[in-house]
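Please examine the structure shown here before reading on.

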Amino acid sequence: LNVLLLFGLLRRMTGSVWRSGFVAALFALHPLNVESVAWISERKNLLCAFFWLLASWAYVGFAARPSRWRYAATLLLALFSMMSKPVAVTLPFVLLLLDCWPLNRMTMASFGRLLLEKAPMVVLSAVFCVLTFQTQFAARAIVSGAAYSLIDRLSYAAVHYVLYIDKAIWPTGLAVLYPMWTTPVSLRSLVVCVVLLVFVTVVVLRRVGRFPYLTVGWLWYLVALLPTIGIILVGNHSMADRFVYIPLIGIFLMISWGAGDFVEEKPGRRRLAAVAAVAVLVALGWTSRAQVGFWRDSTSLFRRAVEVTSGNYIMHENLGRELAASGKFDEAAAQFAQAVRINNVYLPARANLAMLLFSQGKQVEALALQSESVSLFPHDPQLLCDSGIMLADAGRKGEAAACLMQALWLNPELARAHFRLAVLLYEVGRVEEAYPHIEATIRLMPDSAEARNLESQIAAAMKKPK
């Protein structure tokens with residue numbers, strides 16, 4: 001639907017079938033867009049683009065025949081796009097670019113009116129910016145400024161703009177997660193990227209009269225990518241293929257219309273251009289087919305990520321979990337260990353490695369690793385609970401009870417901690433103390449047959465004479 005909408009929108013605005021079709025084909029077949037389509041969690045990205053394109057359609061109708069209803073439809077569809085994914089906050093600014101080309105509505109006299117026309121959508125964008133920031137901040141997804149200074153984040157942003165274009169031109173080494181930067185951008189890389197961005201921007205602005213599509217396409221890319229370029233860091237990734245699903249349309253516009261003008265200068269170039277276009281689309285389709293194959297299961301996806309990236313401790317840990325679930329314990333342990341080597345304080349990898357070692361009978365190694373983890377994270381209730389269970393299984397009941405009680409002090413709603421503490425207390429004959437913990441277990445896990453059975457045993461023991 002998005003491909004068809006994009007084709008129809010461009011054809012309606014420009015009247016060009018072949019150029020619009022080439023943009024839509026690039027959009028459909030480019031490997032960078034595989035993630036948005038293949039990953040169910042990114043349905044929101046598809047919905048965002050769907051309503052983005054519908055809002056653009058409505059806006060084109062409003063531009064041709066202004067009316068309140070057409071404007072209301074544009075505003076409503078823009079709202080739906082932002083509700084699908086907040087990256088659509090840049091839509092009003094992209095519509096302003098369309099006023100420049102291909103709608104040709106922008107003049108010195110009309111500029112103020114066109115800005116005022118977008119004011120309600122800009123207000124919506126501001127509201128969604130605030131809501132998104134509050135939500136991500138509450139979820140602790142925003143990386144603090146203490147970890148990365150503003151200068152670092154601006155440097156990363158400049159490099160990311162260029163890296164995305166590099167991946168668009170040569171789409172290899174794509175991964176589901178690109179790890180965060182661990183070192184500042186080198187001065188040489190930063191200078192090269194900034195010079196390149198400034199140079200392209202100056203060139204397209206100077207050619208806006210003759211080649212307006214270059215200016216519109218380039219600014220579309222810069223503006224649409226701005227929310228996710230890394231100035232505000234959200235999550236544990238530096239870049240993501242899904243972030244360029246909408247922004248790359250601007251680059252595709254530049255390529256398609258630029259190639260079209262190149263061919264029109266000398267009609268003899270048409271055959272060569274047609275062959276080149278087909279070759280490009282076949283190559284992109286072939287690469288996308290291979291990229292889709294990595295999404296057939298989680299193991300393939302995570303294994304691919306660790307193969308094409310470096311220092312990707314999160315993907316090593318994810319791959320370890322998948323391998324452990326499929327019974328490949330030695331391979332899983334190697335992946336967990338690699339994650340810990342890359343990031344010694346990454347708790348999920350440490351905890352999973354300790355549990356795996358313990359299940360393999362390597363109790364000394366497992367308990368030593370778990371003890372080290374507890375010293376690093378003394379206020380993590382789940383870690384203390386897991387440590388208590390391991391100690392209990394190793395026969396160190398006193399230490400196990402202490403860990404479990406500390407875990408429950410930090411989080412009284414840990415069902416497994418209540419259950420194992422109840423088991424320990426029952427085994428040493430302290431049934432009166434065990435009873436509240438088994439009752440808490442049943443309250444938190446009412447369907448646990450094991451907990452119900454222990455409750456019956458404790459109740460029976462409490463009725464016996466001391």
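How many cavities of 30 Å³ or more does the count come to? The model is predicted, and the count comes to two such cavities. The general idea behind the search is that rolling a probe the size of a water molecule over the atoms shows where empty space is left.

| Cavity | Volume | Lining residues by class |
|---|---|---|
| Largest | About 90 Å³ | seven nonpolar, three polar, two charged |

The lining of the largest cavity includes Trp52, Phe243 and Tyr245, along with Lys85 and Arg242. Asn45, Thr90 and Thr228 also line the largest cavity. Around the second largest cavity, the lining residues include Leu177, Pro179 and Met180, as well as Gly311, Asn312, Tyr313 and Ile314. Asn236 is another residue of that lining.

The second topic is helix H23, which covers residues 449-463. Its 15 residues should span 21 Å at 1.5 Å a residue, and its end C-alpha atoms are 22 Å apart, which agrees.

Which residues of H23 are buried? They are Ala451, Leu454, Glu455 and Ile458. These residues cover an arc of only 110 degrees around the axis, so they lie on the same side of H23. In general, an α-helix has 3.6 residues a turn, so residues three or four places apart point the same way. The buried residues of H23 are covered by elements including helix H21 (415-427) and helix H22 (431-444). On the face of H23 turned away from its buried side are the exposed residues Ala449 and Lys463.

Key: Residues are numbered from 1 along each chain as its sequence is written. This is a predicted model: local features need pLDDT of at least 70, side-chain atom pairs count only at pLDDT 80 or more; totals for chains, interfaces and linings use all residues. Side-chain values use heavy atoms; hydrogens and water are left out. On a 1 Å grid over the protein atoms alone, a cavity is a set of points where a 1.4 Å probe fits but cannot get out, and a pocket is an open set with protein on both sides within 12 Å along at least five of seven lines; lining residues have an atom within 4 Å of a point. Grid points are joined across faces, edges and corners, and a volume is the space filled by probe spheres set on the points. Ala, Val, Leu, Ile, Met, Phe, Trp, Tyr, Cys and Pro count as nonpolar, Asp, Glu, Lys and Arg as charged, and the others, Gly among them, as polar. Helices (H or I, at least four residues) and strands (E, at least two) are DSSP runs, numbered from the N terminus. The expected span of a helix is 1.5 Å times one less than its number of residues. Buried means under 20% relative accessible area, exposed over 50%, partly exposed in between (1.4 Å probe, protein chains only). The arc is that of the directions from the helix axis to the C-beta atoms. Contact means heavy atoms within 4.5 Å.
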